Amino acid sequence: MAALRPLLRHASTSTSSTVRPALSSSVIAPFLRLPTTTPTTIRTTPSQPHPPSQRPFSTTTSKMSAQPLIDAAQTRRTIYKLGKNSPVPDSKIEELVNAAIHTVPSSFNTQSTRLVVLLHAEHEKLWDVVIDTFSGLVNTGAVPEETWKNQTLPKLQGFKNGVGTILFYEDPAHIKPFSEKFALYKDHFQPWAEHSNAMHQYYLWTGLSALGFGANLQHYNPLIDAPVAKQWDIPSEWRLISQLVFGSPEAAAGEKAQKPVQERLKIFGKQ
Ligand SMILES: Cc1cc2nc3c(=O)[nH]c(=O)nc-3n(C[C@H](O)[C@H](O)[C@H](O)COP(=O)(O)O)c2cc1C
């Protein structure tokens, strides 16, 4: 039943309590880390002939500003009510996803995150897969009929009403060799891969919002991993991490409580 808990979750903006990890000698390992000598493989594609990392280094900062990023981050919210009026052509979504793949960093440059973008009819197919999976759970009694009818099904149909879903995966085949090669950090590669995966999620959530989409982040994994892998011929060893659903924003975001900034931020040495 614990596995089902997040799936039955309602829209909420409440925050959960902080869990502090136990301190152990392994926590110092990252600080001993040396710069990696792992070669960076940069693939050039017609849509991006000069990847940012190959651009000549420049010290010209006069035109640089964090404001576009701040503005984009402020635009990103959780939007549950989605529609099919796409604000941009699909090529803009593809451009954004390509940019994420090229620019989001990963620990030791492992590049283990995998993205699957489902648009229009394929997106609808995904939410039919989720609805089918849940119907099976209702039949076995694992999900109460009332919860299904009144909460889960309307929510899933709402997601289906959007334009697309991005599936975020991790490919363990690209993490294992690093764990074996760098024994000191072997327990860190998995969480670091998740950090990088989350960076992809945040990049795309923010980027889609900047394009005019509304989006929300879901976690129907691992329940749907197998049928989704079968439907889109996804390697069975890839691990599904999350689903970012997007579409035209059809309602405003809910109220969001903010804990005081002073509790969450410390700045030292400011001039
Ligand atoms: C790591 C992470 C996991 C989340 N998982 C879910 C989820 O499974 N279902 C859901 O409806 N919202 C999920 N959310 C959305 C949060 O509830 C939401 O981001 C938060 O309440 C702040 O609201 P905002 O996105 O409008 O800023 C998740 C957000 C994050 C960052």
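## Close-up views of a predicted model

View 1. The chain has eight helices and five strands, and from the N terminus they run α-β-α-β-α-α-β-α-α-β-α-β-α. Of its 271 residues, 22% are buried.

**View 2. Here's the largest nonpolar core, with 30 residues.** Val130, Leu208, Ala215, Leu244 and Phe246 have the most contacts inside this core. Two or more residues each come from α2 (90–103), α3 (121–140), α4 (145–160), β3 (164–170), α6 (189–210) and β5 (239–249). The largest share is β5's, at five residues.

**View 3. Zooming in on Val130, one of the residues with the most contacts inside that core.** Setting aside its neighbours within four places in sequence, Val130 touches Leu156, Tyr220 and Ile224. Another core lies apart from the largest one; it has five residues, including Phe108, Ile175, Phe189 and Ala193.

**View 4. And this is where α2 meets α6.** The two axes come within 10 Å and cross at roughly 150°. That angle is over 145, so α2 counts as roughly antiparallel to α6. The crossing of α2 and α6 is right-handed. On the α2 side you'll find Leu96, Val97 and Ala100, which meet His200, Tyr203, Leu204, Gly207 and Leu208 in α6. Sorted by class, this contact has six nonpolar residues, two polar and no charged ones. Leu208 also turns up among the residues with the most contacts inside the largest nonpolar core.

Conventions: Residues numbered from 1 in each chain as written. Predicted model: local features only at pLDDT ≥ 70, side-chain atom pairs only at ≥ 80, totals over all residues. Helix = DSSP H or I, 4+ residues; strand = E, 2+ residues; numbered from the N terminus. Buried ≥ 20, exposed ≤ 12 C-beta atoms within 10 Å, placed from the backbone. Core = buried A, V, L, I, M, F, W, Y, C linked by C-beta atoms within 7 Å. Contact = placed C-beta atoms within 7 Å. Axes fitted to C-alpha atoms, helices over the stretch in contact; angles between N-to-C directions. Parallel < 35°, antiparallel > 145°, perpendicular 65-115°, else oblique. Left-handed = near helix turned anticlockwise from the far one by under 90°. Nonpolar A, V, L, I, M, F, W, Y, C, P; charged D, E, K, R; others polar.
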